[in-house]
Amino acid sequence: MNYLGVSVVIPYYYGNKYLKKLSEILWSNIKEYEKKFEGKIEILFVNDSPQDIIDESFLENLSGYYRIIKNEKNYGIHKTRVNGILEAEQEYIWMLDQDDDVSETWLPSQYACIQKSKADMVIANGYRQISGKACPIFKTEKKLKDATTIAPYVAYGNVIASPGQCLIRKEAIPKFWMEHILWENCADDMYLWMLMFGEKRSIVYNSEYLYTHISTGENFSSNEKQTIFSENKVIELLRKSGCIKERYLRFYSKRLKIRNKYFFEIKGKWLPKIYYFVTEVEKFLVCCFVKYLKV
């Protein structure tokens, strides 16, 4: 059987403090993968802080598997991921962040799933770790299954915690996403998912809990404002792509205004709670209309 391999694309930004743990995670995954599959694994560290030197002593156990790509200057997360993908030689792409935490069976489990389904992308379940408490990213299998459709993204936003949850066929990554860079850091993953839905790529799910998203809870206000700013730029790019219905983009824009109003404009004790309840009902209805009525 002709097995196909995986390229792990890791944007690096002043990240030496993460490399020891990351290399251990990757080595565990490689060992588990190679017990079952013959496809090659390559790891591409893309240095987006070119004035910083990656300490390769942390990567000794990955010798023969990794390469380092150096950006000419600081480009930001989207362009850095694209630069890595352009250098990738294997059929499947795993976009892993330098501070991600994943199960040692992430790679063989995701690879087996995408090989069996012949899909363009597979989404694994996982946990959000907030203040030391782990909560499922998708609390039910139904919610995980819904994440393979465009409806929750239009109605609620990005339901995937990180690209680190996903294994993607390289050729399925939209050309528009590769060529039209989102320079405002934050929402390049939402941008990617929306384009993949717009191009009707096949997406499946893996119910195993393989990924952990760790949130420190720091700098919420500035992070939230940056997210809203970045997603508004995503809407501009999606409109330019022409592959997303205009009514979806209008609600997407409205949802961002709702989000900004809830977090930064409404004052008082009860008004935000009432506003939140009303808008959540509206989002639920939008999700139903998109999912069931295909509006």
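Lysine 200 sits in the loop that runs between helix 7 (188-198) and strand 9 (203-215); helices (H or I, at least four residues) and strands (E, at least two) are DSSP runs numbered from the N terminus. The model is predicted, so local features need pLDDT of at least 70 and side-chain atom pairs pLDDT 80 or more, whereas totals for chains, interfaces and linings use all residues. Residues are numbered from 1 along each chain as its sequence is written, and side-chain values use heavy atoms, without hydrogens and water.

Although lysine 200 is not a glycine, its phi is positive, at about 60°. With a relative accessibility of 73%, lysine 200 counts as exposed (over 50% relative accessible area; buried is under 20% and partly exposed in between, with a 1.4 Å probe and protein chains only). Helix 7, which lysine 200 follows, is mostly covered, with ten of its eleven residues buried. Among these buried residues are Asp188, Asp189, Tyr191, Trp193 and Phe197.

A positive phi also occurs at tyrosine 14, another residue that is not a glycine, where the value is about 45°. Tyrosine 14 belongs to the loop between strand 1 (6-12) and helix 1 (16-34). Its relative accessible area of 39% makes tyrosine 14 partly exposed.

Attention now turns to charged side chains. The structure contains 17 salt bridges (a side-chain nitrogen of Lys or Arg within 4 Å of a carboxyl oxygen of Asp or Glu). In one of them, arginine 67 meets glutamate 42 at 3.0 Å, N to O. This pair links distant parts of the chain, since arginine 67 is in strand 3 (residues 66-70) and glutamate 42 is in strand 2 (residues 41-47), 25 residues apart. Glutamate 42 is buried at 3% relative accessible area, while arginine 67 is partly exposed at 31%. Together with Glu87, Glu42 and Arg67 form a network of salt bridges.

Another bridge joins glutamate 282 and lysine 254, at 2.6 Å from N to O. Because glutamate 282 lies in helix 10 (residues 271-293) and lysine 254 in helix 9, this pair ties together parts 28 residues apart in sequence. Glutamate 282 is partly exposed, at 26% relative accessible area, and lysine 254 is likewise partly exposed, at 39%.

Within helix 6 (residues 175-179), lysine 175 and glutamate 179 are four residues apart, and about one helical turn therefore separates them. Their side chains meet in a salt bridge of 3.9 Å, N to O. Lysine 175 counts as exposed, at 58% relative accessibility.
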